[in-house]
Amino acid sequence: MGVMRALKYIWALPTTCVGTPFILLGTNRNWVEGVLEVHGGWVTKFLRHCTLLQGGAAAMTLGHIVIGVDEAALQSTRTHERVHVQQCERWGPFFIPAYLACSGYLMLRGRDGYWGNPFEIEARKMCG
């Protein structure tokens, strides 16, 4: 791993640490392109029932950990979630507060905190 790559992992580490409990909660783990993908078990229950999205989320990025409801969800959202990994590498420990602040601000203004979030807009744009 190059020095710059290592620095990105270190800078994103606080966000990755938030994702570490999901390593134990999932039943399946795979390293894909430098990211630990976890799915199944309690991870699936969390994504289906504990997010603010109607119907739950297919996947979620927490630093260099991406959790998904199942392998198919991880494969279908991989490009989108990798944009969030890059965002975590840019924003480091400020990623989660910035993401939540954007969502909160949008919701206070009567807008959708997910679809209107600039982090999500960037991820959708990068996916085409």
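This report looks at aromatic ring pairs in a predicted model.

## Ring pairs in the model

The model holds 7 aromatic pairs.

## Phe-22 and Phe-46

The ring centres of Phe-22 and Phe-46 lie 4.9 Å apart. Their planes meet at 55 degrees, so this pair is tilted. An angle over 60 degrees would have counted as edge-to-face.

The pair links distant parts of the chain. Phe-22 belongs to helix H2 (residues 21-25), and Phe-46 to helix H3 (residues 42-49). The two residues are 24 residues apart. Phe-22 has a relative accessible area of 11%, so it is buried. Phe-46 has 23% relative accessibility, so it counts as partly exposed. The cut-off for buried is under 20%.

## Phe-95 and Phe-119

Here the ring centres of Phe-95 and Phe-119 are 5.3 Å apart. The planes stand at 80 degrees, so the pair is edge-to-face.

Phe-95 has a relative accessible area of 5%, and Phe-119 has one of 6%.

## A cluster and a charge

Phe-95 and Phe-119 are part of a cluster.

Trp-42 has a charged neighbour. Lys-45 lies over the face of the Trp-42 ring, 5.7 Å from the ring centre.

How values were computed:
Residues numbered from 1 in each chain as written. Predicted model: local features only at pLDDT ≥ 70, side-chain atom pairs only at ≥ 80, totals over all residues. Heavy atoms only, no water. Phe/Tyr/Trp six-rings, centres within 6.5 Å; stacked < 30°, edge-to-face > 60°. Helix = DSSP H or I, 4+ residues; strand = E, 2+ residues; numbered from the N terminus. Buried < 20%, exposed > 50% of the residue type's maximum accessible area, 1.4 Å probe, protein only. Lys NZ or Arg CZ within 6 Å of the ring centre and 35° of its normal.
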